[in-house]
Amino acid sequence: MIQRKILLGVSGGIASYKSAELVRLLTKAGHEVQVVMTRSATEFVGPVTFQALTGREVFVEMWDKQRGDSMAHISLTRWADLFLVAPATANFLAKLANGIADDLLSTLAAARECPLLVAPAMNKQMWANPANLRNIEQLKVDGVTILGPAAGVQACGEVGEGRMLEPEEIALHVEAAFQPKLLAGKKVLITAGPTFERIDAVRGVTNPSSGKMGYAIARAAWEAGAAVTLVSGPVSLEPPPGCRRIDVLSAQDMLNAVNAEVDEADFFISVAAVADYYVLNQSEQKIKKDAHILTLELAPNPDILANVTARPNPPFCVGFAAESENLLEYAEAKRRRKQLPLLAANLVQTAIGADDNEITLLDDAGQHRLPRAGKLELARKLVAHAARLYLQKKN
Ligand code: CTP
């Protein structure tokens, strides 16, 4: 993880208490955070809180008589790799949209040299106010990234749009802002997780798969600027923000969902551990255990990836191979059999359920070993590799 310098502006909304958690997440990820608060933000949370969390002095005032050089903190905009304002009040956004610089935070924003992300937080009427919506449109035109807002119960007790995104989600957007936009404008379809083949009303046959690698690839593709659709078997993971998730159970459901989406896709990344068989003699009702021997008749499931590669105009396809032995030999044979421009090979012993992994990418040029790392880091490398090959193929 590369350490970055983040300038965090906190303006005066009740959501400012959540910014303390945001600081904790950003510093935990290894980033340096410098907090600047508006005067009204200090009515909600004391600067000491942020000072303790960042280990850095918190700036509030523009004119600090104690300092020899009152302009010193303006240089913070030059120090920062990224400027984030969370929460961003309607007042702060209005000033930003109109170039008004009448306190330290708005002056820093006007003098910024780095990308600016803002997380609006306000009551639903204030959000829906035409002046506010006009300001938001102007900020988008000016290249400011607007994060959220979310809908839900508000501090005032009303329900509606205007809540600040949760700190975890803002932190994901911050990481995404640092990633190169290699897939901007592209559509990526991903399958992830296991499939579950019903035996009866309560039982089924499945493959062990946590979905972590597929979800990491979905996140990496979203970070790279793609519109991501994730067709997911049953897993206990949250989809990355900005990804559309379609939940499926069986391999046949997964195939149907993929068929409905694939025409639109520029990339198809097949990470799902699809069950090879489904149960022919499924029972609608729960089977009682009075039978001595229960025989299941299994029939082969469709190969979803092979279905996609066999299409007349397939998207750029990436497959996965999980092997327990002869990894590279079996994986390369699979790549050729499935006619894949790119295949990621990993050993089942090291891959399933773990947070990190070790994979080898196989393409027409040969083997590219990605040493052991977290699944997100591997996913980012895989996405970058696929984007490069896709470009080569197009040119
Ligand atoms: N795959 C698929 N549909 C299936 C089976 C697999 O889309 N019914 C995809 C997986 O998502 C993965 C790749 O195909 O990208 C794995 O290839 P496969 O030959 O099916 O792997 P194994 O099931 O491990 O095959 P084998 O038992 O022959 O090793």
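I began with proline 87, which lies in strand β3, strands being DSSP runs of E with at least two residues and helices runs of H or I with at least four, both numbered from the N terminus. A cis peptide bond joins alanine 86 to this proline, with omega at about 0 degrees. This is a predicted model, in which local features need pLDDT of at least 70 and side-chain atom pairs count only at pLDDT 80 or more, while totals for chains, interfaces and linings use all residues. I note also that residues are numbered from 1 along each chain as its sequence is written, and that side-chain values use heavy atoms, with hydrogens and water left out.

Asparagine 326 counts as partly exposed at 38% relative accessibility, where buried means under 20% relative accessible area, exposed over 50%, and partly exposed in between, with a 1.4 Å probe and protein chains only. Glutamine 339, in the loop between α13 and β17, has a positive phi of about 55 degrees and is not a glycine either; this glutamine is exposed, with a relative accessible area of 64%.

Next I went to strand β5 (residues 145-146), where threonine 145 is found. Threonine 145 is partly exposed, with a relative accessible area of 37%. Its C-alpha atom is separated by 4.6 Å from that of leucine 117, 28 residues apart along the chain. Leaving aside neighbours within four places in sequence, I list Leu116, Leu117 and Val118 as in contact with threonine 145, contact meaning heavy atoms within 4.5 Å.

For helix α5 (residues 90-97), I noted that six of its eight residues are buried, namely Ala90, Phe92, Leu93, Lys95, Leu96 and Ala97. What covers them includes β3 (82-88), α6 (104-110), β4 (116-120), α7 (124-128) and α8 (130-141). Glycine 99, which follows α5, has a positive phi near 70 degrees.

On a 1 Å grid over the protein atoms alone, a cavity is a set of points where a 1.4 Å probe fits but cannot get out, a pocket is an open set with protein on both sides within 12 Å along at least five of seven lines, and lining residues have an atom within 4 Å of a point. The largest pocket holds about 850 Å³ of space, a volume being the space filled by probe spheres set on the points, which are joined across faces, edges and corners. Its lining has 37 residues, of which Val271, Ala272, Ala273, Val274 and Phe320 lie nearest the centre; β16 gives the largest share, four residues.

I found one cavity of 30 Å³ or more, lined by Leu183, Val188, Ala221, Phe267, Ile269, Val383 and Ala386. The elements giving two or more residues to that lining are β13 (267-270) and α15 (375-394).
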